[in-house]
Amino acid sequence: MKILIVGSFTETSKAMVARYFPQDWDIVIVPHGEEMLHHIADCQVLIPEHIKVDHSLLSKAKKLKLVQTGAGFDNVDINACTQLDIWAANAAGVNAQAVAEHVMALMLSYYKNIPFLDAFMKNKMNENQLSYTGSELAGKTIGIIGLGAVGKKVAAFCSAFGMNVLAYARRAVVPSNNSVKMTDFDHLIRTSDIVSVHIPLYQQTRQMINKAVFKKMKNTALFINTARGGIVNESDLTDALKNRDISGACLDVFESEPLPTDSELRNLSNVILTPHTAGMPDGLKFHKKRYDFFVSNIKRVANGSEPESKLNQL
């Protein structure tokens, strides 16, 4: 069984990932490019990170049985997988706890000014000169866009902090928490102190959060995105932050990843950035729950069964 994992990994993280699969499997971890094209011809499973899996690429994979993604699958042409008799599956919900905890960490870091205070202490500043504005989460209203596995966990955490929870979902959803109030998108945007995005990226949601949306938000609002960068018009977000149309942002995902070194977002004091690691709580691009799921799903397909969390039907 040859497993091709395409993405940017350190040598340490490569070793961690490779060790997690059965020893008799051939695990190949490469960045995209010529080396990937060399290995894709005879792999049975493709685990793609940040590469476009389209008909052209899939047609070169003559032995491919499964395209296995993490929670997101916007980079995979599901129709092309079906046409070529290849299973496509994601790992829905596997990283929900990790991402929801990351959202809370970002939120608390922002309102408790953790990055600023950490730098203040490490720069050995005079504590008599300390001046900053902070806030508590209790009593604030969070608007959650998307009430899937992650959104529901964020809602539960926020309820425990004494926050008011609004949620918007494109499809009818029954909240698992009685304290969650479903509402329409416009009301959520206009009334929330914090707006957190938890929807997948596809054609209807691409750049769903744009200049018009930021103009409707409170100028004291915090915007959080741990879903997909393409859901947001990043230029509009940057302008909204610079013009103080909104108070700040906490971002784990970006339109272009890795985030370009010359991105203006890196220089804004009202922004907290993390490098698309919300779903990787174990560090070094490794998440035990995710790889448990991957191994189990690959075994299912190898044994002739349908994969769990399948995205197509063969």
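How far apart do the end C-alpha atoms of residues 104-278 lie, and what share of the span is helix and strand? The end C-alpha atoms of this span are 11 Å apart, and the span is 29% helix and 16% strand. Helices (H or I, at least four residues) and strands (E, at least two) are DSSP runs, numbered from the N terminus. The UniProt record, an unreviewed entry, places the feature "domain: D-isomer specific 2-hydroxyacid dehydrogenase NAD-binding" at residues 104-278. UniProt positions follow the numbering used here, feature names are shortened, and annotations may be inferred rather than shown by experiment.

The structure is a predicted model, in which local features need pLDDT of at least 70 and side-chain atom pairs count only at pLDDT 80 or more, while totals for chains, interfaces and linings use all residues. Residues are numbered from 1 along each chain as its sequence is written, and side-chain values use heavy atoms, with hydrogens and water left out.

The secondary structure of the chain consists of eleven helices and twelve strands. Its C-alpha atoms fill a box of roughly 65 × 50 × 35 Å along the principal axes. Of the 314 residues, 49% are buried; buried means under 20% relative accessible area, exposed over 50%, and partly exposed in between (1.4 Å probe, protein chains only). Among contacts with a separation of 6 or more, 61% are between residues 24 or more positions apart, where contact means heavy atoms within 4.5 Å.

Cavities and pockets were searched for on a 1 Å grid over the protein atoms alone. A cavity is a set of points where a 1.4 Å probe fits but cannot get out; a pocket is an open set with protein on both sides within 12 Å along at least five of seven lines; lining residues have an atom within 4 Å of a point. Grid points are joined across faces, edges and corners, and a volume is the space filled by probe spheres set on the points. The whole structure holds one cavity of 30 Å³ or more. The largest cavity has a volume of about 40 Å³, and its lining includes Asn225, Gly229, Glu234, Leu251 and Phe254. By class, five lining residues are nonpolar, two polar and two charged. Here Ala, Val, Leu, Ile, Met, Phe, Trp, Tyr, Cys and Pro count as nonpolar, Asp, Glu, Lys and Arg as charged, and the others, Gly among them, as polar.

The second largest pocket has a volume of about 480 Å³. Its lining has 19 residues, of which Tyr110, Tyr111, Asn113, Thr133 and Ser247 lie nearest its centre. Helix 5 (96-111), helix 6 (114-122) and strand 12 (271-273) are the elements that give two or more residues to this lining. Helix 5 provides the largest share, three residues. The lining of this pocket has seven nonpolar, nine polar and three charged residues.

Phe254, one of the residues that line the largest cavity, is in the loop between strand 11 (248-251) and strand 12. Phe254 is buried because its relative accessibility is 6%. Apart from neighbours within four places in sequence, Phe254 contacts Gly229, Glu234, Leu259, Leu265, Leu273 and Thr274. Pro258 is in the loop between strand 11 and strand 12, and the peptide bond from Glu257 to Pro258 is cis, with omega near 0°.

Two further buried residues were examined. His287, in the loop between strand 12 and helix 11 (288-302), has a relative accessible area of 4% and is therefore buried. Thr141 lies in strand 6 (residues 141-145) and is buried at 14% relative accessibility. Beyond four places in sequence, Thr141 touches Asn164, Leu166, Thr191, Ser192, Asp193 and Ile194.

Most residues other than glycine have a negative phi, and most peptide bonds are trans. Arg244, in the loop between helix 10 (234-242) and strand 11, has a positive phi near 60° and is partly exposed, with a relative accessible area of 47%. Ser309, in the segment after helix 11, has a positive phi of about 55° and is partly exposed at 27% relative accessibility.
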